[in-house]
Amino acid sequence: MIRSAIVPPHAVCAAIETLEHAGHTAWMVGGCVRDSLCGVMPHDWDLTTSARPDEVQKLFPNVRLTGIQHGTVTVIMDDMALEVTTYRGEGSYTDGRHPDAICFLSRVEDDLARRDFTINAMAYHPVRGLCDPFGGREDLQSGVLRAVGNPDLRFTEDALRILRGVRFAAKTGFEIEPDTVYAMYRQMQRLECIASERVFAELNTILTSRYVGRALRQYRAVLAVVLPELSPMFGLCQHNPHHCYDVWEHTIRTVEAIPAQPVLRWTMLLHDSGKPHTYSMDETGIGHFYGHPKMSAQLTQQILKRLRAPNALRTEVETLVALHDHGLGQDERQVRRSLAKHGETVVRQLLSVKKADYTGQNTFPIHLQELQHTERLVNGICAQAPCLTLKTLAVDGYTMQELGFSGTEIGEGLRWLLTQVVEGHLPNEPHALRTCASEWKESRHDR
């Protein structure tokens, strides 16, 4: 249900009133209008006005010059940051991202004409109501994403709008109308000129959105421009009884099946990226992908480094991709080894990854049952607060020195004791560990 009226915060109304008392016009604009009409509380409130930036500065006591070169200043009212931008038009876009020049205008309708999609090209006034020259409210009601005016021109001005369109579709489930889609395809190579950080930000939002599966299916050609490593996956039949889908469809289903956390979604997007490079078929016609986790991890490193993804995310995703095919164990001792080797956080992430992977195969339910058994073991072991790391071992390096250990022998001895505890051969108790360490040292000396 699309609302017909908006109730903005007091600070927004006060800012508009201040501008208009000084002889200017002012409106709420863009995303805050779109979200408010949908009944969603906006994160930010943006205003557009006929006042020039210097005039805005004179009217408000607390102003930050955050984007004055583009006609924008930030006004602080009631602890709210309101971006106030002068009505503007834009010249040519030589770099395909930023206007070479801007000019200030006197009408809000002319300002709205430069915006990307009709649902973002609406303005609202507490008294005059909605200004919607391009039918944004109707498109919002119909669930349609449509470029303002000439779509080729909009995407030529700023190629990032192409990915932004995919992002809106992934987030809202809206259909992109045909003329806009065709223009996206015609102009999509322009995405190669967009800064990697901006591309990553859009992809990150796409991957963690509600309708990500639909977006990955419908707009894979656009995604292939910024993630060319994925295109060999499209339509690649696996010829394997464990898979009833091609590699790309399997990948989409795994992304849909895992929680919408960036690390997990990126892991599923890239976990089988190495399959096209490792495919082979045996004499019976069965397809195999020997070594694909290692190849996928290499591609993951390449992709996330190029996109300048945060280092922490890169490390986590590379680790999970490399390990996604590794077994975690079906008995307590095997699971304890996995927890000791990888840590609880990684093991629980791998459980999620494996669940999604098996769900995306849609062939053998027994695999999910086995994974549920492993998860119960993990829960039981972790509930006991077991010793699985050197930090939780009941002796330390000083203890080993007291027992006559020195140099590298200290670390070797501690790691050996930890292995005995993890394997269940030894309790994590100081006296037992000291005794065992002394015996181990003596046996090494005898050899």
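Trainee: Which residue in β4 is the bridge partner of Val63?

Mentor: This is a predicted model, in which local features need pLDDT of at least 70 and side-chain atom pairs count only at pLDDT 80 or more, whereas totals for chains, interfaces and linings use all residues. Residues are numbered from 1 along each chain as its sequence is written, and side-chain values use heavy atoms, with hydrogens and water left out. β3 pairs with strand β4 (residues 72–77) in the antiparallel sense over three bridges; strands (E, at least two residues) and helices (H or I, at least four) are DSSP runs numbered from the N terminus, and two strands pair if DSSP finds at least two bridges between them. The bridge partner of Val63 in β4 is Val75.

Trainee: How many salt bridges does a search of the whole structure find?

Mentor: A salt bridge is a side-chain nitrogen of Lys or Arg within 4 Å of a carboxyl oxygen of Asp or Glu. On that basis, the number found in the whole structure is 26.

Trainee: What is the N to O distance between the side chains of Asp111 and Arg114?

Mentor: Buried means under 20% relative accessible area, exposed means over 50%, and partly exposed lies in between, for a 1.4 Å probe and protein chains only. Asp111 is buried at 0%, and Arg114 is buried at 14%. Their side chains meet in a salt bridge with an N to O distance of 3.2 Å.

Trainee: How many residues apart in sequence are the parts that the pair of Asp116 and Arg164 ties together?

Mentor: Asp116 counts as buried at 8% relative accessibility, as does Arg164 at 14%. The two form a salt bridge, with their closest N and O atoms 3.3 Å apart. Asp116 lies in the loop between α4 (108–112) and β8 (123–125) and Arg164 in helix α7 (residues 160–172), so the separation in sequence of the parts tied together is 48 residues.

Trainee: Is Arg333 buried or exposed, or in between?

Mentor: Arg333 and Glu423 meet through their side chains in a salt bridge of 3.7 Å, N to O. The pair links distant parts of the chain, 90 residues apart: Glu423 is in the loop between α21 (408–422) and α22 (430–446), and Arg333 is in helix α17 (residues 332–342). Glu423 is buried, with a relative accessible area of 14%. At 39%, Arg333 is partly exposed.

Trainee: What span does helix α15 have between its end C-alpha atoms?

Mentor: The expected span of a helix is 1.5 Å times one less than its number of residues. Helix α15 (residues 292–306) has 15 residues and should therefore span 21 Å, which agrees with the distance between its end C-alpha atoms, 21 Å.

Trainee: Which helices do the buried residues of α15 pack against?

Mentor: The buried residues of α15 are His292, Pro293, Ser296, Ala297, Leu299, Thr300, Ile303 and Leu304. An α-helix has 3.6 residues a turn, so residues three or four places apart point the same way. The buried residues of α15 pack against α13 (262–270), α14 (275–278) and α16 (311–323).

Trainee: Leaving aside neighbours within four places in sequence, which residues is His292 in contact with?

Mentor: His292 is found in helix α15 and counts as buried at 6% relative accessibility. Contact means heavy atoms within 4.5 Å. Leaving aside neighbours within four places in sequence, the contacts of His292 are His271, Asp272, Gly274, Lys275, Thr278, His324 and Asp325.

Trainee: What angle do the ring planes of Phe234 and Trp248 make?

Mentor: Rings of Phe, Tyr and Trp (its six-membered ring) pair if their centres lie within 6.5 Å; planes under 30 degrees apart count as stacked, over 60 as edge-to-face and the rest as tilted. Trp248 counts as buried at 3% relative accessibility. The structure holds seven aromatic pairs. One of them, Phe234 and Trp248, is edge-to-face, with centres 4.8 Å apart and planes at 65°.
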